[in-house]
Amino acid sequence: MTTRGNRSEGDVVVIGGGVVGGAIALGLARSGARIIILDEGDVAFRASRGNFALVWVQSKGFGMPEYALWSRRSADDWHGLAAILREEGGIDVAHSQPGGFMLCLSEAELDKRVEMMRRLHNSQPLTDFPYEVLDHAETKQRLPAIGKDVVGALYSPLDGHVNSLKLFRALRETCQRRGVDYRPESPVESIVPRDGEFSISGSWGEVRAGKVVLCAGLGNSRLAPMVGLDAPVKPSKGQIIVTEKTEPFLHNPMVTLRQTDEGGVMIGDSHEDRGFDTVVGRPIISTMADRAIRMFPRLAGLNVVRTWSALRVMSPDGFPIYGQSESHPGAFLVTCHSGVTLAASHALTLAPAILAGELPAAVARFTARRFHVPAHA
Ligand SMILES: Cc1cc2nc3c(=O)[nH]c(=O)nc-3n(C[C@H](O)[C@H](O)[C@H](O)COP(=O)(O)OP(=O)(O)OC[C@H]3O[C@@H](n4cnc5c(N)ncnc54)[C@H](O)[C@@H]3O)c2cc1C
């Protein structure tokens, strides 16, 4: 999709090659469009390389029921996405949906979580979101390796997980086989409407297309105003510990702990507002490790092989921001902090709608207009 004179050769430019851009590009390409991905490259902050890989539904949507429905839809559609990645891209991303647990280490913690779930389910039309509250004995029956400090758990059969690095690679590979033109080292500096198209440029050159989709993660906050959109996203740091590989003992994912298909145990889910700082800090890591060992004492015997931190792409209320520009028709925005969970909705529902020129009704509440409510005097 290079430019010849003033005419573009392609249909859509996707800016950003993380999990969100990859899923959108794949969905667009499967709908028959010619796609180019412009990506800043490996030097960029990339949540897609450092995430926890949950396909999570339980507890999502507090304050916005549409988010619970949207996450549920994606979790349902993930089976189809995994099949596409396997059949078209040749990569098994180890997707499974065995149900997920939220383990609690005190009665107060369990009470708080149960109350939150009760309010979530009472306040919304979430009729088909099964979950159970389990005491210690019931939890131990299903997860024999738990420690005595686990007082109970919430369980939902809707939760699952994948191998996130395999997902990243599979999206890239499947896109490539579908003819998507992926261009790394192509940071976009400017998007300008010109002759009924968008001129998208940087120090690497220029491309033109009739449609542009902003999927640049934290980079969206700078790019969105160029096409009359708003993406008030900020970094939220998360730290992760990975242990050496061990024999399979944990079939189900948890919000803070999961065993990967390769055998290592991932421990995570810290949240810190520290700007673009990605330093791994001992106090947080120690607290995470301590809680994990109380949950599963056998972890104390495993070596830690890696720790890292990565930056979530966080909107002010934590929900996704999807937008289509009124001032610049053909420009769309897709950004969220649960890009793994939502990958199936992005590829299979959002991308075809973008190609058709209209975001679906299911995401009408997710525009940035919700942040523009005037403050009361
Ligand atoms: C610690 C942690 C744990 C997480 N756990 C989960 C989880 O369990 N489940 C889940 O669903 N989600 C999880 N997430 C969130 C998930 O990883 C993100 O939602 C997802 O990776 C966001 O993908 P993205 O493509 O929007 O952003 P990124 O992965 O940040 O990618 C953005 C891309 O845009 C490119 N870019 C930026 N600016 C420009 C520009 N100007 N021009 C061109 N390219 C540009 C960058 O090069 C980059 O490749 C977690 C995140 C973190 C940090």
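In what order do the four strands of the open sheet come, and is their pairing parallel or antiparallel? Hi everyone, the order is 16-17-15-18, and the pairing is antiparallel. Before I go on, a word on the source: this is a predicted model, where local features need pLDDT of at least 70, side-chain atom pairs count only at pLDDT 80 or more, and totals for chains, interfaces and linings use all residues. Residues are numbered from 1 along each chain as its sequence is written, and side-chain values use heavy atoms, with hydrogens and water left out.

Back to the sheet. Helices (H or I, at least four residues) and strands (E, at least two) are DSSP runs numbered from the N terminus, and two strands pair if DSSP finds at least two bridges between them. At the edges sit strand 16 (257-259) and strand 18 (304-314), each pairing on one side only. On average, neighbouring strands here are turned by 25° against each other, direction ignored. For angles, axes are lines fitted to C-alpha atoms, for helices over the stretch in contact, and the values run from 0 to 180 degrees between N-to-C directions.

Strand 15 (residues 234-243) meets strand 17 (residues 265-267) in the antiparallel sense over two bridges; V242 has M266 in strand 17 as its bridge partner. Helix 7 (residues 282-295) packs on this sheet and touches strands 15, 16, 17 and 18, contact being heavy atoms within 4.5 Å. The direction of helix 7 makes about 50° with that of strand 15.

Now the rings. Phe, Tyr and Trp rings (the six-membered one for Trp) pair if their centres lie within 6.5 Å; planes under 30 degrees apart are stacked, over 60 edge-to-face, and the rest tilted. That rule gives six aromatic pairs. One of them is Y67 with F319, edge-to-face at 5.2 Å centre to centre and 65° between the planes. Y67 lies in helix 2 (residues 65-89) and F319 in the loop between strand 18 and strand 19 (321-324), so this pair ties together parts 252 residues apart in sequence. Y67 and F319 are both buried, meaning under 20% relative accessible area, with over 50% exposed and partly exposed in between (1.4 Å probe, protein chains only). Ring pairs also link Y67, W70, F319, Y322 and F366 into a cluster.

Last, R172. Its charged end sits over the ring of F168, 5.2 Å from the centre, and R172 also lies over the face of Y182, at 3.8 Å from the ring centre. The criterion is NZ of Lys or CZ of Arg within 6 Å of the ring centre and within 35 degrees of the ring normal. Thanks, everyone!
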